[in-house]
There are 4 protein chains.
Amino acid sequence: MKKPGDGSNDRDIEAGMTFEKPRPHSRDRYAAFRAITTRFLDNDVYGHINNAVYYSYFDTTVSGWLLEQDLVVPQRSEIIGLAVNSSCDYFDSLAFPDALEAGLRVARIGNSSVQYGVGIFKQGASQAAAQGLFTHVYVDARSNRPVALPDRLRQGLQSLLRF
Amino acid sequence: MKKPGDGSNDRDIEAGMTFEKPRPHSRDRYAAFRAITTRFLDNDVYGHINNAVYYSYFDTTVSGWLLEQDLVVPQRSEIIGLAVNSSCDYFDSLAFPDALEAGLRVARIGNSSVQYGVGIFKQGASQAAAQGLFTHVYVDARSNRPVALPDRLRQGLQSLLRF
Amino acid sequence: MKKPGDGSNDRDIEAGMTFEKPRPHSRDRYAAFRAITTRFLDNDVYGHINNAVYYSYFDTTVSGWLLEQDLVVPQRSEIIGLAVNSSCDYFDSLAFPDALEAGLRVARIGNSSVQYGVGIFKQGASQAAAQGLFTHVYVDARSNRPVALPDRLRQGLQSLLRF
Amino acid sequence: MKKPGDGSNDRDIEAGMTFEKPRPHSRDRYAAFRAITTRFLDNDVYGHINNAVYYSYFDTTVSGWLLEQDLVVPQRSEIIGLAVNSSCDYFDSLAFPDALEAGLRVARIGNSSVQYGVGIFKQGASQAAAQGLFTHVYVDARSNRPVALPDRLRQGLQSLLRF
């Protein structure tokens, strides 16, 4: 099935708008992968995974990695990552019951903030069906004020740096 | 409770990163409003509405307006809006059981694409707690190819244009 | 549109199974009401609110009432309600963008447990489109062991008793 | 961590209520299994998978099996399964990032209705953490009237019968 944007600029030319034209990432842009099983209710009335659901994949990918690396553990850690920005480019439709893989990378590390990148791949696909960015500011769990990234967290994040 | 970014640039200075520094919109940036009731499960383990949930508010706001104006009706319309991009800036935390209002505007109209803007306000608040952009390309429901926006849809969208 | 179970026993006769045949509740079976706005993604691929979503309405109704009455406040209360059982009978389809009302009652109060009843009504409808039961056992937030219902909670619950 | 109902009747005795006391199923009660990955937002503010989320696992398990067996395919099949009843007993807490398995069985087959059973197991666990029932009535996709189960569907369902 032909999808808008499949290997052509038709969409943008027709649209008469200047899009920033992102290109789907290949798998090697990502440093760690996580399996994601889709759910019946991920599909909306159009029979494809709803645009909002991708952000729950992003969140799961970032938070899951931090938790499994014992770097940020909800209800126990002294710091919390607050979302300040997120975005997603959608290239190809996915649908339940597709099996997915989410690729994770770190795009930028600041003093108290981190920009994560997540790519959503159909299992085994070489190109992302969607990819996004997700910026966290880390704050003290009590005062809610930004804190410098703890050393151990910073080192973990550096291992995921991909540009 | 002091929140990061509350009336200061501390966050960005501390972060040592150049953020695009969006400012929360006021209500007059939006052309139509929709009440949204929050749900217990909108809150994540940190006790605030999860970042991904805002996109379900966006989707509900855009799709709800189109449906109620009889402009795009799932399972009946000849065109479908496919999400090609979405993004959100988060300024202030919200939490169940807050009552919310979502403001809707149209930021750009192309030949076959539309960029919507949605602002999420705590009921009665003058400034958005979060605001986002959401780009649809309209395609033929059968061929899945981009189509020029039908006249009636274009006219409806123009009534929501706010820059 | 004719729906299964609309004013007849056809469903059960055809099915050749003995259903417990619940009857839709009228509004006066419920003691408190809460407005619920539906969301685009509440609809599944069949264009109706998905069966699982009703339980998020139930949870929102029970937890919202307890929170707004200052009886059980997550992250602050010394007790937590753990779900031990839930059930729902579905009578009529609902769909986004329907506006809904959820009726709340208390069906049984034990020493440490409470059975809530929730009815989901299309706004203004006299009969429930779906109705369910939801049993909580209240436990100490630290030890996770059942506790006798605190007096103030018990009194609040008694005000919602309807059989 | 001691959980209510763990190997004792304390809960029910303390509660002073007659519960139907279901026992957690073992894996051999189920005929087919499906891997389910949990998501960050499956956890509610208490840090455990929210009671409503289990129903999205049930729905995914039943609909996924029917789809993958090519028995009921949304937007293509001539019949649709409408939920008429669902229920769940919860025994043990689960939490993101637990990996889960959902067991599927068919408990009863009527003329036009089917009662499915679903058990949710922590990966590798011998006993269900939660188990539920889910009754579908199959209706004609156009007329919305109950239909006798097609032969091929009936045969598929019979292969999952477990009591």
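Trainee: How far is the sulfur of C:Cys88 from the closest cysteine sulfur?
Mentor: This is a predicted model. In it, 13 Å separate the sulfur of C:Cys88 from the closest cysteine sulfur, which belongs to D:Cys88. That is too far for a bond.

Trainee: What cut-off applies to a disulfide?
Mentor: The two sulfur atoms must lie within 2.5 Å.

Trainee: Is C:Cys88 buried or exposed?
Mentor: Buried, as its relative accessible area is 1%.

Trainee: And B:Cys88, where is its closest cysteine sulfur?
Mentor: In A:Cys88, at 13 Å. Again, that is too far for a bond. B:Cys88 is buried too, at 0% relative accessible area.

Trainee: New topic. What rotation superposes chain B on chain C?
Mentor: One of 180°, with 0.0 Å of shift along the axis. The RMSD is 0.0 Å. The two copies are therefore related as by a two-fold rotation axis. The same surface serves both: 100% of the contact residues of chain B recur in chain C.

Trainee: Which residue of chain B comes closest to that axis?
Mentor: B:Thr37, with its C-alpha at 2.8 Å.

Trainee: Over to chain D. Where is D:Val62?
Mentor: In helix α2, which covers residues 53–68. D:Val62 counts as buried because its relative accessibility is 0%.

Trainee: What is D:Val62 in contact with, beyond its neighbours within four places in sequence?
Mentor: D:Leu104, D:Tyr116, D:Val118, D:Phe134 and D:His136.

Trainee: How far is D:Val62 from D:Arg105?
Mentor: Their C-alpha atoms are 9.1 Å apart, while 43 residues separate them along the chain.

How values were computed: Residues numbered from 1 in each chain as written. Chains lettered and ligands numbered in written order. Predicted model: local features only at pLDDT ≥ 70, side-chain atom pairs only at ≥ 80, totals over all residues. Heavy atoms only, no water. Helix = DSSP H or I, 4+ residues; strand = E, 2+ residues; numbered from the N terminus. Buried < 20%, exposed > 50% of the residue type's maximum accessible area, 1.4 Å probe, protein only. Contact = heavy atoms within 4.5 Å. Least-squares fit on C-alpha atoms with pLDDT ≥ 70 in both.
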